[in-house]
Amino acid sequence: MTRQLRLLLILLGLAIASLATAGQAMAHAALTKTVPADGAVIAAAPAEFSLSFSEPVSPLVLKLIGPDGTSRALTRFTLTDRTLSITAPPDLGQGTHVLSWRVVSEDGHPVGGSVLFSVGAPSAAPDLVASQTEPAVRVVLWLGKLGLYLGLAFGIGGVAFMAWVAPLPAPARRPIAGFLALGLLSIPIAFAAQGLDALALPLSAALQPAAWQAAAASSFGRTALIAMLAVLVALLALMRPGRAGRLLAILAWLGVGAALAASGHASAAEPQFLTRPAVFLHAVDMAGWAGALLPLALALRQPNGAQVLQRFSRRIPVLLLLILLSGLALAIVQVERPQALLTTPYGLVLTGKLVLVAALIGLGAFNRYRLTGAVISGRASTRSLLTRIIAAEIAIIVAILAGVALWRFTPPPRALAAAAAQPASVHIHTEKAMADISVTPGRTGPVTITVSLLDGEFGPLTAKELRLALSRPEAGIEPIERQAAKQPDGSWQIGELTLPVAGRWTIELEILVSDFEMTRLKETVEIRP
């Protein structure tokens, strides 16, 4: 074995091993806490800002927009687990500032937002330009992912045919090499588009170093590296006959699972001990099944085609069982509720995939129980029919992979539920009193409301009683009044309250400061569905 081949195998082995330290995560990061709080009015400029997320993230873009609209990049920060601490500029003036952030979550997806806060007193908020990815970038990213998946499934999966079924038919080598080349060419396309999407840059910025650095910083960087090494090993397997070629084919085949388990919704979900191995098994077995179809169809044209078909039919049930079990486990983790299959974009894509998989299994069952015996017994006409059905199966798999590539743009229902569970908050500021109000979760249904009171000088406000009223006149809901209970930390809390509808609710506080003084505060808060 040459030195270059040894080096390539060592690199692929190290890349696969890196999955063990890929980190713990939940699909799609959600902002859980900010300091200062969104909408807060603080007495003095802070020394630092902090953003806490539901999972570990890597910062992409951090900037502060001042009251005059001036934007400054924030380059000094520290990252501790799920909290990003950012050093604030030393010369923050009075008025309203906007902390704009964009990070990439552990599953490789960019997340962005803004936090408004005021120093001293609010002023007119600076104008913001929303960062949105160009549709063209998303199309290129989808095409790059699809090309990569085709290379892994039909390229590496085709090479794996020699490891678990039979030697490759000579006519199959060229198309398999073509799929491997497609996968190899698709990697840099998907990589660049990943960076553009992460930074919300236009397609014209594809050659900018920042885009490639952003892609490398995401978990997709691991996927791209492992996939590239796996494809190169598969190409070597095509060129090396005998036992060495089969060993290389097995290593490349395992690389498919490692590559797809390194990033994405499912592999980043909890519990990691279940999801990453499930993605690995699902990907490896999918590539074995899909990649075997083209060599099998071409083998049927050769004299030993019946023996090859018999061996494939005897072994494919094991792969199919592992595909179904691992897919079921991942679907349960990601979807959580059956109704989400028809009410979310992710669920609709999964439903479409399930329909296509059912059709694929139906065709496979017809082949196995109606046609395989006839081919083995020597009926030439049956071989032609079986070949046509295999071609239809290949087309269905291409459609499945095209749908799977759409998952890059559709957060799973579990991630949507986690985001919906984040609190809704509002800050009320007057000369006499201030209040920070948090509604948890910030969606319809049972909620808990926490209120922190301050006086006009930003000191703690001691109150004897606090009553809260929530109303939504537009929906015909009159004020829902509750008495708050004081907590040991000085905050006030209201539990066992149900908000029946989404929308902008009016929230009013009655603060009994003393027997002779009552302060009222009023504001609105947005409650999500």
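**Reading the helices, pockets and loops**

Reply: Start with helix 8 (residues 305-335) and helix 10 (residues 345-376), which pack at about 160° with axes 11 Å apart. Axes are lines fitted to C-alpha atoms, for helices over the stretch in contact, and angles between N-to-C directions run from 0 to 180 degrees. Helices (H or I, at least four residues) and strands (E, at least two) are DSSP runs numbered from the N terminus. The model is predicted: local features need pLDDT of at least 70, side-chain atom pairs count only at pLDDT 80 or more, and totals for chains, interfaces and linings use all residues. Numbering runs from 1 along each chain as its sequence is written, and side-chain values use heavy atoms, without hydrogens and water.

Me: Are helix 8 and helix 10 roughly parallel or roughly antiparallel to each other?

Reply: Use the angle classes: under 35 degrees is roughly parallel, over 145 roughly antiparallel, 65 to 115 roughly perpendicular, and the rest oblique. Helix 8 and helix 10 are therefore roughly antiparallel.

Me: Is the crossing of helix 8 and helix 10 left-handed or right-handed?

Reply: Call a crossing left-handed if the near helix is turned anticlockwise from the far one by less than a right angle, and right-handed if clockwise. Helix 8 and helix 10 cross in the left-handed sense.

Me: Which residues make the contact?

Reply: Contact means heavy atoms within 4.5 Å. Helix 8 contributes residues including Ala-306, Leu-309, Arg-314, Pro-317 and Leu-324. From helix 10 come Tyr-346, Leu-350, Ile-361 and Arg-368, among others. The contact of helix 8 with helix 10 has twelve nonpolar, four polar and two charged residues. Here Ala, Val, Leu, Ile, Met, Phe, Trp, Tyr, Cys and Pro count as nonpolar, Asp, Glu, Lys and Arg as charged, and the others, Gly among them, as polar.

Me: Now helix 3 and helix 7. At what angle do their axes cross?

Reply: The axes of helix 3 (residues 170-199) and helix 7 cross at roughly 160° and come within 9 Å. This pair is therefore roughly antiparallel. The crossing of helix 3 and helix 7 is right-handed. Pro-171, Ala-172, Pro-175, Ile-176 and Phe-179 of helix 3 meet Leu-294, Pro-295 and Leu-298 of helix 7. By class, that contact has eight nonpolar residues, no polar and no charged.

Me: How does helix 6 sit on helix 7?

Reply: Helix 6 (residues 242-261) packs on helix 7 at about 135°, with the axes 8 Å apart. That makes helix 6 oblique to helix 7. Their crossing is right-handed. The contact of helix 6 with helix 7 divides into eleven nonpolar, two polar and one charged.

Me: On to pockets. How much space lies in the largest pocket?

Reply: Rolling a probe the size of a water molecule over the atoms shows where empty space is left. On a 1 Å grid over the protein atoms alone, a cavity is a set of points where a 1.4 Å probe fits but cannot get out; a pocket is an open set with protein on both sides within 12 Å along at least five of seven lines, and lining residues have an atom within 4 Å of a point. Grid points are joined across faces, edges and corners, and a volume is the space filled by probe spheres set on the points. The largest pocket holds about 1200 Å³.

Me: What lines the largest pocket?

Reply: Its lining has 47 residues; His-282, Leu-330, Lys-353, Val-404 and Trp-407 lie nearest the centre. Helix 8 supplies the largest share, nine residues. The lining of the largest pocket has 30 nonpolar, eleven polar and six charged residues.

Me: And what lines the second largest pocket?

Reply: That pocket has about 990 Å³ of space. It is lined by 33 residues, with Leu-31, Thr-32, Gln-422, Pro-423 and Ser-425 nearest its centre. Strand 9 gives the most to this lining, five residues.

Me: Which peptide bonds are cis?

Reply: Check omega. The bond from Val-35 to Pro-36 is cis, with omega near 0°, and Pro-36 sits in the loop between strand 1 and strand 2 (40-42). Thr-440 and Pro-441 are also joined by a cis peptide bond, with omega about -10°. Pro-441 lies in the loop between strand 11 and strand 12.

Me: Where is Ala-200 found?

Reply: Look in the loop between helix 3 and helix 4 (209-217). Ala-200 has a positive phi of about 55°, although it is not a glycine.
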